[in-house]
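Welcome! Here are some exercises for getting to know a protein chain, each followed by a worked solution. Have a look first, then try each task before reading on.

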Amino acid sequence: MLCKAMSSQAAVFARRLAVKGVGQQLPWRSALEGRSAAGVPAPAPGTRLSSPRWMSTSYRHCSQKSTADPNSFSFRSHTCGELRSSHIGEEISLCGWIQYQRQGLFVILRDFHGLTQLLIPQDEPESHLKKTLCKLPLESVVKVTGKVRQRPAGQENKEMPTGEVEVCVQSVEVLNTCRKLPFEIKDFVKKSESLRMQYRYLDLRSVQMQYNLRLRSQMVMRMREYLCNSHGFVDVETPTLFKRTPGGAKEFVVPSREPGRFYSLPQSPQQFKQLLMVAGIDRYFQVARCYRDEGSKPDRQPEFTQVDIEMSFVDQAGIRSLIEGLMQHSWPEDKTLISAPFPSITYAEAMRNYGVDKPDTRFGMKLVDISEAFRNTDIGFLRGALGKPEGCVQAICVPNGATHLKNKDLEFLKQMAQTQFNQDVSVLVLKPDGVWKSPLSKRLSEAVRQQLRQMTDASPGDVIVIAAGPPQEVCPVLGKLRLQCAELLEAQGVALRDPTAFHFLWVLDFPLFLPREDDPSQLESAHHPFTAPHPDDAHLLTSQPHKVRGQHYDLVLNGCEIGGGSIRIHNAEVQRFVLEKILKEDAGLLSHLIEALDSGAPPHGGIALGLDRLVSIIIGAPSIRDVIAFPKSFRGHDLMSGAPDFVPAEDLKPYHIGVTWPAEDSSKGSPSGPWQH
């Protein structure tokens, strides 16, 4: 009787709205559905106001199939996303946050699992329940008990997992009330990233963030199952406080109580996992926290997580097969299936065809060598480039570029090449009517034009971008412009890169050493100093190290590097030679590792997968910060807690260090009193 009375009153309320003609202007309804009130039809007489569809659609993706019991050890009987028609007639208890209140008739309760509609009692004996629920601010936390009932015919929400039922409230316990929040906990409410990070504990309540973190958790669990249960790996934790590693990225330092001595936070567990192979662990893995003292970027953080793997008695093919199986086993069920083996190309092929060492193979626009078309040219900059050793003319063909790219876009491409690479590029526009448009085209014979069309496979309506010079200069600039052209075309609505496609690619045979940027006459490791030389090039190590390829391999997904590894040097003398003779590093810093390699080290190799980056690509997030619970800002700051923070001078004394303030900071006002030292 109670539920019937409530249903009747709800229907009367809906009819009144329809009669008054305000159904199209309900501000709360239009806001909940994430669109303007205009054009929203008024409810028909006798209908009841039901849950907005966008909510149920979002939460449908948040619910994952699982045999786990989310209600164990809890004082709730069910989650808010669990109730179905099979629960009708049951008395249940729910706990969650108040997401919406609807004119004293309904409350939408939310938890990590979904949403449930609560029917508020309307009769006088139960008025205390209505008073309690209606006065509570949104996002207050309650425990509700009640009976599950079928929604009236025609009022089901088929887009909502719990949309066939509702709960008639019998009792309410207020567990906590909520203050006025800086933003609403609704996915369609736009928030700046800085505001989201400042109130991260609120941002994490959103459907998308809940989905991101839970998908990440499920992937990690499946990785553990695959590595430990299927392939005998051992999960070993390695130290966070270590010592400085020669070369590589900058490391964070941590003071000790011994004067002048500092720890370093490891960039990766690289040395430890090699030592574990010497120790006979044979198969190691770890979900490891790593640190780099670098500025944050969309795909970088000063602290990050990688799935770290090392094996003994293995070659490159074995590592690649392991990782392909790992990806398939841990791949989310709601994403496009992936198949193995993954394709592979060499570093040289990647640079030659794509201009980058992490190609996005979801679209074409490969680099093409068109040097032959200009062998007898009288165009000065082309003739000059081809007259130098290894000089070449390269091009990319932008399909339908003449149709979709405006003059300002083409000028932007030229400016980018000049600003970022100090390289001039020429643009040839082949208009849809077949007419060439470019200052350069006037100096091209008809034979050269036809040869260009044939070599680049250009059609009317395309654009050809040309650069001339040494390959190591020309390929990177065209590789960058290739990606920029893809973004420009997609901004015009061209479907170029399928967002639901996942293209894995192995890149192999990297150079072992590269010229140092600050001193090109000296060499530095292309990746790290522990990578073994390619067997076919090992004889060049002592005489021509710049020509040696390394046994390094990168795993690329949709144009982003998500993993990198190598077969390691397991011979102590080779490792000492690389450090001292080629890299000019102090081998004493790695004496512990060299001694270990000289103590019967087995052949070994491994890989590290960037977990943050991998998950962000899978869910389509623009930044890895969207898959990290508490990330740092672009400047490496925690906007929620205010870290890094100042430390009083008194607290620094045990570490025998002080702070010297830069002159520019002092003029702006540095901390005074006990913080100044």
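**Exercise 1.** Which residues in α13 meet which residues in α15?

*Solution.* Keep in mind that this is a predicted model.

Step 1: Find the two helices. Helix α13 covers residues 407-421, and helix α15 covers residues 471-491.

Step 2: List the two sides of the contact. From α13 come Asp409, Phe412, Leu413, Met416, Ala417, Gln420 and Phe421, and they meet Pro476, Val477, Lys480, Leu481, Gln484, Cys485 and Leu488 of α15.

Step 3: Sort these residues by class. The contact of α13 with α15 holds 10 nonpolar, 2 polar and 2 charged residues.

Step 4: Describe the geometry. The axes of α13 and α15 are 10 Å apart, and the packing angle is about 145°. The crossing of α13 past α15 is right-handed.

**Exercise 2.** Work out the strand order of the open sheet of 5 strands, and find the helix that packs on it.

*Solution.* Step 1: Read across the sheet. The order is β12-β13-β16-β14-β15, and the pairing is antiparallel.

Step 1: Go to the edges. There you find β12 (368-369) and β15 (436-437), each of which pairs on one side only.

Step 2: Zoom in on one strand pair. Strands β14 (residues 425-430) and β16 (residues 463-469) run antiparallel and are joined by 5 bridges. Within β16, Ala467 stands opposite Val425.

**Exercise 3.** Find the two strands that β22 pairs with, and say how β22 is covered.

*Solution.* Step 1: Check the burial. In strand β22 (residues 604-610), 6 of the 7 residues are buried, so the strand is mostly covered, where buried means under 20% relative accessible area.

Step 1: Take one partner. Strand β10 (residues 303-312) runs antiparallel to β22, and 7 bridges join them. Ile309 has Ile607 of β22 as its bridge partner, while Met311 has Gly605.

Step 2: Take the other partner. Strand β21 (residues 560-567) pairs with β22 over 5 bridges, again in the antiparallel sense. Here Gly564 stands opposite Ala608 of β22.

**Exercise 4.** Is Gln270 buried or exposed?

*Solution.* Step 1: Locate the residue. Gln270 belongs to helix α8 (residues 270-278).

Step 1: Apply the cut-off. The relative accessibility of Gln270 is 9%, which is under 20%, so Gln270 counts as buried.

Step 2: Name its contacts. Leaving aside residues up to four places away in sequence, Gln270 touches His528, Phe530 and Arg568.

**Exercise 5.** Summarise the chain as a whole.

*Solution.* Step 1: Count the elements. The chain has 20 helices and 22 strands.

Step 1: Consider burial and surface. Of the 677 residues, 48% are buried. The accessible surface comes to about 32,900 Å², and carbon and sulfur atoms account for 51% of that.

Step 2: Look at the contacts. Among those between residues at least 6 apart in sequence, 68% join residues at least 24 apart.

Methods: Residues are numbered from 1 along each chain as its sequence is written. This is a predicted model: local features need pLDDT of at least 70, side-chain atom pairs count only at pLDDT 80 or more; totals for chains, interfaces and linings use all residues. Side-chain values use heavy atoms; hydrogens and water are left out. Helices (H or I, at least four residues) and strands (E, at least two) are DSSP runs, numbered from the N terminus. Buried means under 20% relative accessible area, exposed over 50%, partly exposed in between (1.4 Å probe, protein chains only). Contact means heavy atoms within 4.5 Å. Accessible areas come from the Shrake-Rupley method with a 1.4 Å probe; for residues, only the protein chains shown count as cover. Two strands pair if DSSP finds at least two bridges between them. Axes are lines fitted to C-alpha atoms, for helices over the stretch in contact, and angles run from 0 to 180 degrees between N-to-C directions. A crossing is left-handed if the near helix is turned anticlockwise from the far one by less than a right angle, and right-handed if clockwise. Ala, Val, Leu, Ile, Met, Phe, Trp, Tyr, Cys and Pro count as nonpolar, Asp, Glu, Lys and Arg as charged, and the others, Gly among them, as polar.
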